[in-house]
Amino acid sequence: MDTRLNETIRLLTVITVVAVFCIILFISLVYLSFAAVYALQDWTGSLIGAFLIVGGGYLLLLVIFISLRHRLIERPLVRFLGSLLMSK
């Protein structure tokens with residue numbers, strides 16, 4: 001019983017830390033995106049063009065992330081959860 005409680009606490013701790021990290025990363029990414037847009041505005045001469053460049057960069061990152069999701073997300077997550085739940 002005690003090991004299940006420890007495993008549950010460890011799992012909830014990891015989930016909480018990852019959630020907080022993702023929220024902070026998202027907020028930072030929003031501010032950095034606007035900074036990049038206004039920096040690119042001077043280079044492109046158009047605010048709309050700068051937003052399109054930054055949006056295109058995010059679409060490219062999305063395509064890369066989707067194509068590498070097994071290697072970047074699923075395998076490490078399965079290994080971590082397997083080691084957490086199978087530990088004695």
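Search this whole structure for aromatic pairs and you get 1. It's a predicted model, and the pair in question is Phe34 with Phe51, sitting edge-to-face.

**The aromatic pair**
- A pair of aromatic rings gets described by how far apart the centres are and the angle between the planes.
- For Phe34 and Phe51, the ring centres are 6.1 Å apart and the planes meet at 85 degrees; since an angle over 60 counts as edge-to-face, that's the label here.
- The pair ties together distant parts of the chain, with Phe34 in helix H1 and Phe51 in helix H2, 17 residues apart.
- Phe34 comes out as partly exposed, because its relative accessibility is 41%.
- Phe51 is partly exposed too, at 37% relative accessibility.

**Ser33**
- Ser33 belongs to helix H1.
- With a relative accessible area of 13%, Ser33 falls under the 20% cut-off, so call it buried.
- Its side chain reaches the backbone oxygen of Leu29 at 2.7 Å.
- Setting aside neighbours within four places in sequence, Ser33 is in contact with Val54 and Tyr58.

- Leu62 counts as partly exposed because its relative accessibility is 43%.

Technical notes:
Residues numbered from 1 in each chain as written. Predicted model: local features only at pLDDT ≥ 70, side-chain atom pairs only at ≥ 80, totals over all residues. Heavy atoms only, no water. Buried < 20%, exposed > 50% of the residue type's maximum accessible area, 1.4 Å probe, protein only. Phe/Tyr/Trp six-rings, centres within 6.5 Å; stacked < 30°, edge-to-face > 60°. Helix = DSSP H or I, 4+ residues; strand = E, 2+ residues; numbered from the N terminus. Polar contact = N/O pair within 3.5 Å; in protein donor to acceptor, adjacent residues only side chain to side chain. Contact = heavy atoms within 4.5 Å.
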